[in-house]
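Q: I have the model open and would like some practice at reading it. Could you take me through a few features, general idea before particular case?

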Amino acid sequence: MRRFKLADEVIEDTAPNLQSALADAYRRRIRPHCLCKEGGLPMYIARIGDQYLVKRMPLSGGGHDSNCPSYEPPDELSGLGVLTGSAIQVDPESGMSALKVSFSLTKIGTRAAPNTGTNVTDTIVGDAKKLSLRSLLHYLWHQAELTAWTSRWSGKRHWWNIRWHLTEAAGQMTVKGGTLSEILFIPEPFRATDKSAIEQRRTAALAPAIPPKSGPRKLMILVGEVKDFAPARSGHRLIVKHMPDFPLMLEEGIYRRLQARFENELALWGADEASHLIAIATFGLTPVGLAVVEDMALMVVAENWVPYESAYEKRLVDALAKLHERSVKGLRYNLSAEKPTAAAILQRSSQPVALYVVPPSADGAYEEALGELITSQPEIGAWIWRTIEGEMPPLPRHAE
């Protein structure tokens, strides 16, 4: 049973007055503490409609007890480790994450303002000191706790709560001096009966992207589910689910580079009808009101919205989706495929287990690095699937 400390009061998460206590703490700006460990760990309260949720502070998951729902595996097991303290800097008092990004959020004339040393057409290039577009999407997904899963949530994860959790996570992040949520656009679920009101809210939300009469244009960031890439008279149109009447234009050169760079993601998406393709893009508005993409990255997620990067990882994600135990998917961020990471963590009270999927292309250097990674975390068990050896081995059984 989970307990929180609110000022001088200790309350259990099953208490009938939990919501009223959280609502009062929310209004009074009282920071809750999770009592999974002695002394407690600071949390914060998020509001969704009339409900109040206690959520962990950014990058604090490793400090929680391994049996606590707020526990997260050590950053070193994923690509997050090399970004913490450089590209991602967390204020321990406010819990805000200050992010350094490698892509531009302004546009001068007909081209996006370049970043020194950054190829703006391929923001996936590794840079431990800055976040690419894809790694920003990974961090948003992680902080929104969309990498976590248990079969108890089956059928309960939909776009409306995906959107809310992403928006709430973005409110805890700053980019280039401003809150990320101020420039982040995530389309709301489309309802034909609310079409006019949705369009009005969208127009208001896109106001920061309206070009000024002179000077640099501001860009916004889109996160949405891809419905289609449709040919246009010049280039292509990105059709985003939930706003099919508002396409984003892609120049032919950007579209070709996107097809080449994210060939694997597009192939995985095409191979599974239940999976979703998530786009993150910087975009601006032209004086005539067209939305034009400046830079873009893609991520494929399973039916339960948990990301995966290969058919092998898809097998693992599908297997974990059936378990009552909580699992957390690992993400690469800026790391290349040649660097081993934990594909997922199986959260268990006895001992968390890191799950490693070794690709068929792995060589001796990869195996050596994998051994060092496992050795560096002796408190975490290890399960390894060397895909070149055949079928996925059974997942580790829960200790009795």
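Q: Let's begin with the open sheet: in what order do its four strands come?
A: Strands of a sheet pair through backbone hydrogen bonds, in either the parallel or the antiparallel sense. Strands here are DSSP runs of E, at least two residues long, and helices are runs of H or I of at least four, numbered from the N terminus; two strands pair if DSSP finds at least two bridges between them. The order in this sheet is 6-7-11-12, with mixed pairing. This is a predicted model, in which local features need pLDDT of at least 70 and side-chain atom pairs 80 or more, while totals for chains, interfaces and linings use all residues. Residues are numbered from 1 along each chain as its sequence is written, and side-chain values use heavy atoms, leaving out hydrogens and water.

Q: Which strands stand at the edges?
A: Strand 6 (88-90) and strand 12 (178-179); each has a single partner strand, so one side of each lacks a neighbour in the sheet. Strand 7 (residues 97-99) runs parallel to strand 11 (residues 173-175), with three bridges between them. Look for Ala 98, whose bridge partner in strand 11 is Thr 174.

Q: What about strand 19: which strands pair with it?
A: Strand 18 (residues 276-285) is an antiparallel partner, over 10 bridges, with Gly 284 opposite Val 292. The two make a hairpin with five residues between them, and Gly 289 in the turn has a positive phi of about 95°. Strand 17 (residues 248-250) runs parallel to strand 19, joined by two bridges; there, Leu 248 stands opposite Ala 291.

Q: How many residues of strand 19 are buried?
A: Buried means under 20% relative accessible area, exposed means over 50%, and partly exposed lies in between (1.4 Å probe, protein chains only). In strand 19 (residues 291-301), 11 of the 11 residues are buried, so the rest of the structure largely encloses this strand.

Q: And which residues of helix 1 are buried?
A: An α-helix has 3.6 residues a turn, so residues three or four places apart point the same way. In helix 1 (residues 18-27), the buried ones are Leu 18, Ala 21, Leu 22, Ala 23 and Ala 25. Just past the helix, Arg 29 has a positive phi of about 55°.

Q: How many disulfides are there?
A: Count a pair of cysteine sulfur atoms within 2.5 Å as a disulfide, and the total is zero. For Cys 36, the nearest cysteine sulfur is that of Cys 34, 3.7 Å away. The sulfur of Cys 68 also has Cys 34 as its closest, at 3.7 Å, which is too far for a bond.

Q: Are Cys 36 and Cys 68 buried or partly exposed?
A: Cys 36 is partly exposed at 24% relative accessibility, whereas Cys 68 is buried at 4%.
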